[in-house]
Structure formats: C-alpha cells, structure tokens
Amino acid sequence: MTAAVATDLREQAAETFAKLGWPTTRLEAWRYTNLAPLQKIAWRTDDAPQAIESPATFAGRAALELVFVNGRLVSTSGDLKLAAPAEVRIADWERNAMVALNTANMQDGARLEIPAGMVVDGFLSLLFIGNGDPSTSLGTGSIWSHPRNQIVVGANAQVAIVETYVGSGSYFTNTVTEIVAGESAVVDHYKLQCESISAYHVASIFIRQERAASVTSRSIAIGGTLARTETNVSLAGEGANVVLDGLFVGTATQHLDNLTAVDHVNPHCESVQLYKGILDGNARGIFDGRIIVRPGAQKTVSRQTNRNLLLSETAIVDSKPNLEIHNDDVKCNHGSTIGQIDDQQLFYLQSRGIAADEARNLLVYAFASEIVDRMKIEPVREQIRRALFQAMPERLPERRAEGRGQRAEGEA
Amino acid sequence: MLEIKNLHAGIEGKEILLGLDLVIRPGEVHAIMGPNGSGKSTLANVLAGRPKYEVLSGSVTFEGKDLLEMPTEERAREGVFLAMQYPVEIPGVNNIYFLKAALNAMRKHRGEEELDAMEFLQLAREKMKVVELDESFMNRGVNEGFSGGEKKRNEIFQMAVLDPKLAILDETDSGLDIDALRIVAEGVNTLRSEAHSVLVITHYQRLLRYLVPDFVHVLANGRIVKSGGKELAEELEQKGYDWVDQEVA
C-alpha cells in the first residue's frame with residue numbers, strides 16, 4: 001500500500017502546483033474559503049509516526065481496516081485480502097492545485113481493487129489519524145499529510161467504504177480519494193470528517209462511474225477549524241446513478257466548505273443530492289453544488305437539495321446551486337432553504353408537555369437524522385451520532401440508551 | 001375545572017375574542033359551535049398557549065391555577081391537551097420516542113415514576129387499538145406522510161396515552177370520513193369519566209352524534225351568544241347559524 005508513484009509524476013505535480021499556486025478566493029470554486037493561513041507555514045511530514053489508539057476505530061467490525069497516522073500506514077486488521085489496482089488517474093492534478101499538492105507530496109493511502117463480481121461482506125474502514133502540535137495554532141514545523149486513496153471496484157462488484165478523519169492538536173490534512181466504479185458496480189462510500197477542532201482539512205474526492213454503476217457518497221463534516229470537501233462525480237457510462245448526501249455541523253468559528261460537481265456525460269444517468277447544514281455560534285457553512293449536463297446526456301435526471309438550519313444570529317451559510325445544462329431532454333431541479341427551528345413544530349412538541357429547550361434539541365437532532373438514519377452501516381450511524389453529541393451537547397436532546405432512529409436498526 | 005372570564009384575545013393586533021365566558025366542570029363535555037371566523041380556533045390556541053396569540057384581558061383558571069401564566073408545556077403537564085386542527089409533520093422525530101418523552105415529562109411533573117420502554121410500549125399498543133392505528137405508524141416520524149385522517153387519529157391516540165384532564169378538540173372532525181369520525185368519537189368516549197372533561201370545537205353537528213355533549217354553546221363574533229343542551233346542536237344544524245344571529249339581534 002506504499003506509494004509506488006513515479007518520481008516524474010511527483011515532479012510534474014510539484015511544478016504544476018508551483019504554477020497554479022494555492023487556491024485564492026478569486027477562483028469561483030474557492031470564493032468562500034481562504035487558505036492564506038496555510039501558505040506561510042514551513043510544513044513538515046511525519047515520516048515515522050507512532051501508532052495511536054483511536055476510539056474511532058472500526059476494527060473487529062470492519063472486514064478490513066487500515067489505520068494511518070499523519071498520512072502513514074501504521075496498522076492493518078481484518079481478514080479481507082485485496083490487491084492494489086493498476087494505475088488510477090482520475091484526480092485532476094493538472095488543474096486542481098490541492099490535488100497537485102497532494103500528488104507532489106503523496107503519502108500512503110488505501111490502494112485497493114475489488115475484483116469483478118466480488119460482493120464484500122461488511123465494509124472497509126480507512127481511518128486517518130492526525131497527530132499534530134498540541135498548541136492550537138500552526139507554525140514552523142507543523143505537520144501536514146497527503147493521503148491518497150485509490151479504489152477500483154470491478155464490474156458487478158459491491159463494496160462499502162468508510163473514510164474517517166480524526167485527530168488531536170493542529171495539523172493539516174490534504175487528502176485525495178479516487179474511486180472507479182466499474183460496470184454495474186455498487187459502491188456505498190462514507191467520508192466522516194471529525195478532525196481535531198484546530199485542524200485544517202481539504203479533501204478532494206473523484207468518482208468515476210461506468211455503465212449502470214450505482215454509487216452513494218455521504219460526506220459528514222463535523223470537525224476542523226477550516227474544512228473543505230470537494231466531491232467530483234463523472235457519470236461516464238450510460239445509466240449510471242449517484243446519490244450524494246451531506247451533513248455539515250459547525251459551531252464556534254468553524255468554517256465548513258462543501259462543493260459537489262456532478263458531470264452528466266452520458267444518457268439516462270441520475271444524480272440526487274441532499275446536503276444539510278446546521279450552524280451555530282459564529283460558524284460558516286458553504287454548499288456549492290455544480291451540475292453539468294453535457295450535450296450527449298439525454299434523459300438526465302438530476303435533483304439537488306440543500307437545507308440549512310441556523311441556530312444563532314451570527315451563523316452564516318452560503319448556498320450556491322450552479323446548473324449548467326447543454327441539453328433539452330433533461331429533468332433537473334434544485335432547491336435550497338435557510339431557516340431557523342420551525343415554530344409550528346416547536347409548539348406541537350411543547351403542547352405535548354416537552355420543555356421548550358428539549359423540544360428545540362429534538363428538532364435539531366431530527367434535522368440531522370434525515371441524513372444519518374439512511375446510512376446503511378449501524379456502527380457508522382452510531383459514530384456520527386456520538387460525534388454530533390460531542391460537537392453540540394447543549395443543542396441535542398439528552399442521550400438515552402435506546403435507538404431513536406426512524407428506521408429499524410439493522411445491519412446493511 | 002376550567003373557568004374562562006371575560007376573555008379578550010386576538011392575533012397580530014386583531015381582537016377576535018371579545019369577552020368570552022365559559023365554565024367547564026369535571027366530567028362535562030362541552031361543544032362550542034360557530035361559523036367560520038367566530039373565534040373558535042382562537043379560543044383553542046389561546047388555551048394551549050400558541051405563540052402569536054395574544055391575551056388582551058380576562059382570565060383563564062384551570063383547577064384554580066392561572067393557565068395563561070403557564071408556558072405551553074406546563075399547561076400540557078397540568079393536564080390540558082389540544083387535538084390540533086392541522087397537526088404538523090415532524091420528520092426525524094420518531095412517533096413513539098416523542099410520545100414516550102411527552103408522557104414521562106408529565107409523569108415526572110406529577111411526581112410519578114417514568115415508564116420504561118416495555119411498559120410504555122404495552123400502554124401504547126393498547127391505546128393504538130382504540131383508534132385503529134397500525135403499529136407501523138409508531139416507528140415513523142411524527143405525522144410524517146400520514147393522511148389527513150391518520151393525523152387526526154394520531155391526535156386522539158396521543159390524547160388516549162397522555163390521559164389529560166381536559167381535552168380540547170379543535171375541529172378534529174374536519175376532513176374526516178364517517179368511519180374515521182366514528183373512530184375519533186369512540187376514542188374520546190373512552191376517555192369520558194367523572195374526572196375528565198372535553199371541549200369539542202366544531203363547525204358541524206355530525207361529530208356530536210357520536211360524541212354527545214352535555215352542553216352546547218354557540219360562538220359568534222367572539223362571544224358565546226347562546227348555550228343549551230345537546231338539542232341545541234340539532235337545532236343549529238336545521239336552522240343554520242343565521243338563526244342565532246337573528247335571535248340574538
């Protein structure tokens with residue numbers, strides 16, 4: 001699983017990054033997110049990290065778990081054996097500066113191939129632990145990491161992949177994940193961003209779907225002082241479908257940027273997106289959702305929804321749908337809402353004897369539940385619930401032992 | 001149990017109730033009938049404490065306590081229940097979880113032991129039968145995707161579980177077919193006892209055929225203009241509300 005990347009690719013990518021420079025807010029895709037604090041740091045990579053125990057581990061429950069510390073593989077567990085795929089190059093390092101930076105400094109990551117027809121029982125867990133400077137600010141010698149995941153799912157294969165990012169102290173994670181879903185493959189992808197509250201996190205996800213491939217990618221953003229996740233999907237084969245779910249939960253002064261870009265290249269593809277934001281304190285959340293429908297992509301169906309809940313007067317959300325349609329034969333719709341707790345719902349709960357605070361908390365939890373409850377892996381749902389309660393304990397209902405999901409609990 | 005004196009109330013600066021008086025004693029079922037715009041729903045919402053409704057003057061006491069001073073949840077805990085005209089959908093809040101939290105909030109308020117999950121489920125199953133709601137509804141979000149009739153039956157189900165001293169039904173009959181109407185009325189009838197009172201707010205007489213009131217009041221222009229026994233409802237049905245207007249004038 002060690003990076004076996006040609007030195008000349010690293011060099012080319014380094015040159016490209018030098019040319020492109022750090023993204024600035026002058027770029028449309030980076031309009032709301034300023035990486036200036038990262039540019040002046042003399043970064044170092046941690047080449048010999050210590051193994052760290054993390055409560056975020058799925059070991060024992062995952063078919064395979066790879067644990068990385070500061071970008072380096074430190075342990076592997078589980079019975080599943082998978083080989084590395086042949087070369088994967090779908091991440092656009094030539095135009096995307098952060099991908100170029102990752103490519104130039106590429107460390108370890110999951111490089112796995114699910115052979116054609118294989119149905120993986122259970123799920124793959126990729127756990128990335130950042131072990132940074134205990135001080136809350138970055139400085140000379142701060143650690144950055146550049147994990148690179150490349151997962152190829154063969155024709156008719158099925159797999160669930162869970163990427164988890166956690167850590168302590170201040171550090172910068174710049175991760176890239178490439179997923180190729182072969183013909184009629186089924187992929188259930190999760191990205192749980194629960195980084196340290198003083199960490200910086202930039203993730204670039206690239207998904208390419210062949211004919212009739214079915215992918216669900218769910219992005220949860222709870223941690224980080226500044227975090228950005230970009231999910232790029234190319235519906236390259238006819239009849240492919242993708243579901244993109246997102247939940248970003250920001251408190252204090254967190255900045256959580258979410259960008260999706262779905263490219264409908266061929267006919268009869270479907271994309272459905274639901275991103276939800278909950279923002280408290282002085283936090284800022286961004287949803288930038290791009291959909292491109294190419295001239296050849298007839299019978300495209302595309303739905304994009306972004307709903308946001310603001311819990312304070314000073315929280316901010318920017319919602320920016322961006323549809324580019326070069327074809328008449330499509331069904332596309334998008335909608336976005338920004339609101340507070342619904343008064344009618346609040347009154348209803350109170351009228352049944354539930355105290356105002358508790359009722360408000362139930363409604364915040366319910367808002368997040370829509371995304372969490374439809375996840376298919378119970379340990380993942382539980383992990384996210386735990387992270388939510390840690391992130392905003394005073395905004396969520398008192399936890400009780402029993403499940404409160406809308407659906408019956410059960411393993412996918 | 002409930003005593004309303006010279007109540008003036010309204011919404012968004014508009015005065016709708018113009019001096020309403022009403023006394024409900026334990027065990028009584030009262031019906032308030034009236035044309036649209038007479039203030040029926042305003043009364044229901046003021047009693048339950050819905051925000052935006054303002055009380056301008058007058059008093060409401062419930063078992064000797066000032067009801068208007070209490071926040072909404074405390075009114076519920078004291079035993080006032082409003083079956084709403086338009087029950088709201090709350091996706092993500094599980095029906096059964098919500099109702100258990102509500103019941104336990106009330107039990108705690110009364111100094112009783114909270115019910116555990118098993119005890120609660122047993123109670124809920126028993127009450128569900130009364131309103132002929134399928135158990136599958138319990139694991140959905142509150143009212144989520146329910147039909148109009150199912151929402152109303154869910155209101156009555158909640159009422160049956162929470163066992164309020166005073167149940168206020170705000171046009172619970174509107175939009176119900178005859179079967180649903182019968183189920184709702186039966187649900188309320190099972191609650192009737194010497195300790196429980198009911199206030200039925202309705203435009204039509206038809207619910208009152210199944211849920212026979214002890215007293216009928218006619219609300220017009222923000223006041224109760226006529227009171228009588230159950231025969232008043234039939235008279236209204238035959239002669240229409242114009243008849244009352246003329247009589248009062």
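The model is predicted; local features need pLDDT of at least 70, side-chain atom pairs count only at pLDDT 80 or more, and totals for chains, interfaces and linings use all residues. Residues are numbered from 1 along each chain as its sequence is written, and chains are lettered from A and ligands numbered from 1 in the order in which they are written.

Chain B holds an open sheet of six strands with mixed pairing, in the order E6-E9-E10-E3-E11-E12. Helices (H or I, at least four residues) and strands (E, at least two) are DSSP runs, numbered from the N terminus; two strands pair if DSSP finds at least two bridges between them. Strands E6 (80-83) and E12 (223-228) of chain B each have a single partner strand, so one side of each lacks a neighbour in the sheet. Neighbouring strands are turned by 20° against each other on average, direction ignored. Axes are lines fitted to C-alpha atoms, for helices over the stretch in contact, and angles run from 0 to 180 degrees between N-to-C directions.

Within this sheet, E9 (residues 166-170) and E10 (residues 197-202) of chain B pair in the parallel sense over five bridges. B:Ile168 has B:Leu199 in E10(B) as its bridge partner. Helix H5 (residues 148-162) of chain B lies across E6 and E9 of chain B, at about 165° to E6(B).

Between the chains, 26 residues of chain B are in contact (C-beta atoms, placed from the backbone, within 7 Å) with 21 residues of chain A. On the chain B side, H2 (72-78), E7 (90-94), H3 (95-109) and H5 each give two or more residues.

In chain A, A:Arg10 sits in helix H1 (residues 7-20). Its C-alpha atom is separated by 9.1 Å from that of A:Leu101, 91 residues apart along the chain.

Technical notes. Two residues are in contact if their C-beta atoms, placed from the backbone, lie within 7 Å.
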